[in-house]
Amino acid sequence: MADPSFALQVALFARLEAELSCPVFDGAPMNQARPYASIDSEISTSADILSKRRDLRLFYLSVWSDFKGQEEVKRLMAEIDLALHERTLPLETGRVISIRVIRKQAQREPDGETYQGSVTLRILTEH
């Protein structure tokens with residue numbers, strides 16, 4: 001079976017787009033109005049078990065806000081958690097065994113006005 005990396009990205013994007021209260025991007029346009037969320041990067045390592053091909057994937061998501069304070073960023077990170085943590089996610093290719101939100105962080109950017117939230121997903125896939 002083919003590597004499910006792109007199928008996983010498509011499914012993640014569709015789920016986030018359907019369940020978040022802000023736009024979602026895989027590469028936000030320049031000067032995009034905030035708030036928004038973006039799929040930033042993925043790291044994949046082989047985690048083969050017996051005769052099955054499994055990959056451990058870390059997906060990094062960001063949320064951006066110009067709301068005064070961290071409230072909006074934290075609300076959007078909670079929406080991501082609710083949309084993905086330990087929920088099933090059907091793929092066109094391969095299978096998701098597990099999705100876990102393993103890290104959330106909120107911080108103010110150096111401009112003093114923008115807040116960024118970072119969410120790390122740990123996803124185990126099989127193909």
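Arginine 100 and glutamate 86 form a salt bridge, their closest N and O atoms lying 2.9 Å apart; the term covers a side-chain nitrogen of Lys or Arg within 4 Å of a carboxyl oxygen of Asp or Glu. Because arginine 100 belongs to strand β4 and glutamate 86 to the loop between α2 and β4, the pair ties together parts 14 residues apart in sequence. Helices (H or I, at least four residues) and strands (E, at least two) are DSSP runs, numbered from the N terminus. Arginine 100 is partly exposed, with a relative accessible area of 36%, and glutamate 86 is partly exposed at 44%. Here buried means under 20% relative accessible area, exposed over 50%, and partly exposed in between (1.4 Å probe, protein chains only).

The model is predicted: local features need pLDDT of at least 70, side-chain atom pairs count only at pLDDT 80 or more, and totals for chains, interfaces and linings use all residues. Residues are numbered from 1 along each chain as its sequence is written, and side-chain values use heavy atoms, with hydrogens and water left out.

## Other salt bridges

The structure holds twelve salt bridges. Shared partners join Asp3, Glu42, Arg53, Asp55 and Arg57 into one network. Within this topic, aspartate 55 and arginine 53 meet through their side chains at 3.3 Å, N to O. Aspartate 55 is buried, with a relative accessible area of 2%, whereas arginine 53 is partly exposed at 37%.

Another salt bridge joins the side chains of arginine 15 and glutamate 19 (3.8 Å, N to O). Both residues lie in helix α1, four residues apart, about one turn of the helix. Arginine 15 counts as buried at 13% relative accessibility, and glutamate 19 as partly exposed at 34%.

## Helix α1

The end C-alpha atoms of α1 are 21 Å apart, which agrees with the 21 Å that its 15 residues should span at 1.5 Å a residue; the expected span is 1.5 Å times one less than the number of residues. Buried residues of α1 include Ala7, Leu8, Leu12 and Leu16. The buried residues of this helix pack against β1 (24-25), β2, β3, α2, β4 and β5.

## The largest nonpolar core

A nonpolar core is a set of buried Ala, Val, Leu, Ile, Met, Phe, Trp, Tyr and Cys residues joined through side-chain atoms within 4.5 Å. The largest has 28 residues, of which Leu84 and Leu121 touch the most other members. Two or more residues come from each of α1 (5-19), β2 (36-46), β3 (54-65), α2 (71-84), β4 (95-108) and β5 (115-126). The most come from α2, which gives six.

Beyond its neighbours within four places in sequence, leucine 121 is in contact with residues including Leu12, Phe59, Leu84 and Val101; contact means heavy atoms within 4.5 Å.
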